[in-house]
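Trainee: Could we go through this structure together? I would like to begin with the strands and then turn to the rings and helices.

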Amino acid sequence: MTKREILVIGAGMVGTCTALELVLRGHTVSLLDRRMPGEETSYGNAGVIQREAVEPYSMPRKLGFLLAAALGNDPSVSYHPTAVLAMLPRLWQYWRASAPGRHALISRDYAALIAHATSEHARLVKMADAGMLVQREGLRIAFRSSMPFAAALQDAVRLERQYGIAYRALDSTELARAEPAFRTSLAGAVHWLDSWSVSDPGKLVERYATLFRQQGGRFIQGDGLTLRQHAAGWQVDSNEGRIHAEHAVVALGPWAETLTRRLGYRLPLFVKRGYHRHYTGGGQVMVPTLDAERGYVMSSQVRGLRITTGAEIARVDARPTPRQLTLAEQSARQLLDLGAPVESTPWMGSRPCVADMLPIIGDAGLHANLWFNFGHGHQGFTLGPASARLLADLIDGVPPYINAQAYSARRFLAN
């Protein structure tokens with residue numbers, strides 16, 4: 001196997017795992033980011049490795065939801081009107097891809113990658129000696145009313161039959177027993193048993209980055225947006241001067257579009273922003289729990305109980321508007337003693353999304369020795385190791401461990 005000199009741009013979960021996978025295969029790898037590994041989007045998620053997420057988040061198509069979202073009455077989604085107008089062509093593509101028939105086909109490819117989420121994390125967790133950060137207790141989807149709960153149970157039966165993922169149904173009494181901090185009776189919950197949670201998401205990325213360096217990789221701080229073609233390879237500006245490599249991997253998450261457009265690519269990318277905050281001195285949840293009808297997740301982490309919001313359609317650099325977090329806090333206080341906020345202001349980050357809901361993994365298509373690994377939407381934290389293995393197979397020129405065609409950037413270049 002040919003050993004290559006490779007530059008990975010972006011040190012979130014996806015980029016860090018990509019750099020680690022490549023250095024484990026004997027390549028000479030430099031990982032570059034403006035901040036330390038795991039300090040951006042990969043720090044701010046709910047900390048769940050979602051093995052159950054075999055179908056990507058589609059755009060809801062029910063008129064009632066769309067009307068409530070438009071009027072700002074649904075806490076699971078928020079938007080900046082100017083951002084919606086700017087993103088309208090991509091949101092229209094997202095809407096079309098979310099049609100039931102197309103979504104079913106997309107889910108088939110998406111599930112093929114999700115199927116390896118926990119097994120690929122397990123391999124790296126063991127090597128990085130990070131087992132103390134991981135809990136294998138699943139994820140609960142809790143419902144306040146009976147009709148949505150009944151519908152979720154029907155869907156759980158379908159997902160278990162179709163994809164083989166395990167769940168347990170909890171009625172109101174069983175859920176109250178499982179979550180003693182809840183002081184409000186709920187209708188019940190679907191407990192997905194195969195998902196994992198992490199008590200400090202940023203720390204897990206940091207442990208993977210430490211393993212990367214121990215294996216001979218080099219981490220450099222610098223501006224990934226300065227990446228440019230140079231001679232027979234690629235060049236980027238860093239705090240240590242200009243860095244050169246034969247190959248470059250773009251793993252910039254929500255900032256990928258800025259760079260790829262500069263390089264001549266027109267990919268249907270957009271961002272969904274999200275917020276979180278920690279609370280201490282109150283109750284905790286035994287298992288990460290999505291309050292399904294209110295659109296936020298509660299997870300017990302080292303800094304306290306983390307509340308993570310749903311999607312906000314906004315420009316990546318727009319001012320924070322944490323209205324969803326305020327609504328989530330109000331809803332959470334109905335369920336348990338939330339305690340006091342740890343941070344003076346909420347954390348905010350952006351999820352990198354593709355209009356057809358599949359990440360972009362593989363060769364760039366228009367440039368030699370340029371590779372992409374971004375666009376994982378809500379699941380970059382979940383899919384980092386699985387995506388890294390797939391991209392490394394493609395770079396190495398070996399048969400990929402799953403069919404890679406559906407994730408190729410070329411699906412957009414042909415249009």
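Trainee: In what order do the three strands of the open sheet stand, and what is the sense of their pairing?

Mentor: Please keep in mind that this is a predicted model. The order in the open sheet is E3-E9-E5, and the pairing is antiparallel.

Trainee: Which strands stand at the edges, and why is one side of each left without a neighbour?

Mentor: Strand E3 (48–49) and strand E5 (134–135) are the edge strands; each has a single partner strand, so one side of each has no neighbour in the sheet.

Trainee: How many bridges pair E5 with E9?

Mentor: Two bridges pair E5 with strand E9, residues 196–198, in the antiparallel sense. Gln135, for instance, has Ser197 in E9 as its bridge partner.

Trainee: Now the rings. How many aromatic pairs are found in the whole structure?

Mentor: The search finds six aromatic pairs. One of them is formed by Tyr43 and Trp347; this pair is edge-to-face, with 6.1 Å centre to centre and 70° between the planes.

Trainee: Which parts does that pair tie together?

Mentor: Tyr43 lies in the loop between strand E2 (28–33) and E3, while Trp347 lies in strand E20 (residues 347–354), so the pair ties together parts that are 304 residues apart in sequence.

Trainee: Are Tyr43 and Trp347 buried or exposed?

Mentor: Both Tyr43 and Trp347 are buried.

Trainee: Which residues form an aromatic cluster?

Mentor: Tyr265, Phe372 and Phe374 form one aromatic cluster.

Trainee: And where does Arg34 lie?

Mentor: Arg34 lies over the face of Trp255, at 4.8 Å from the ring centre. Arg389 lies over the face of Tyr401, at 3.9 Å from the ring centre.

Trainee: On to the helices: at what angle do H5 and H11 pack?

Mentor: Helix H5 (residues 117–127) and helix H11 (residues 380–396) pack at about 80°, and their axes are 8 Å apart. The two helices, H5 and H11, are therefore roughly perpendicular to each other.

Trainee: Which residues meet there?

Mentor: On the H5 side they are Ala117, Glu120, His121, Arg123 and Leu124, which meet Phe381, Thr382, Pro385, Ala386 and Arg389 in H11. Arg389 is also the residue that lies over the face of Tyr401.

Methods. Residues numbered from 1 in each chain as written. Predicted model: local features only at pLDDT ≥ 70, side-chain atom pairs only at ≥ 80, totals over all residues. Heavy atoms only, no water. Pairing = 2+ DSSP bridges. Helix = DSSP H or I, 4+ residues; strand = E, 2+ residues; numbered from the N terminus. Phe/Tyr/Trp six-rings, centres within 6.5 Å; stacked < 30°, edge-to-face > 60°. Buried < 20%, exposed > 50% of the residue type's maximum accessible area, 1.4 Å probe, protein only. Lys NZ or Arg CZ within 6 Å of the ring centre and 35° of its normal. Axes fitted to C-alpha atoms, helices over the stretch in contact; angles between N-to-C directions. Parallel < 35°, antiparallel > 145°, perpendicular 65-115°, else oblique. Contact = heavy atoms within 4.5 Å.
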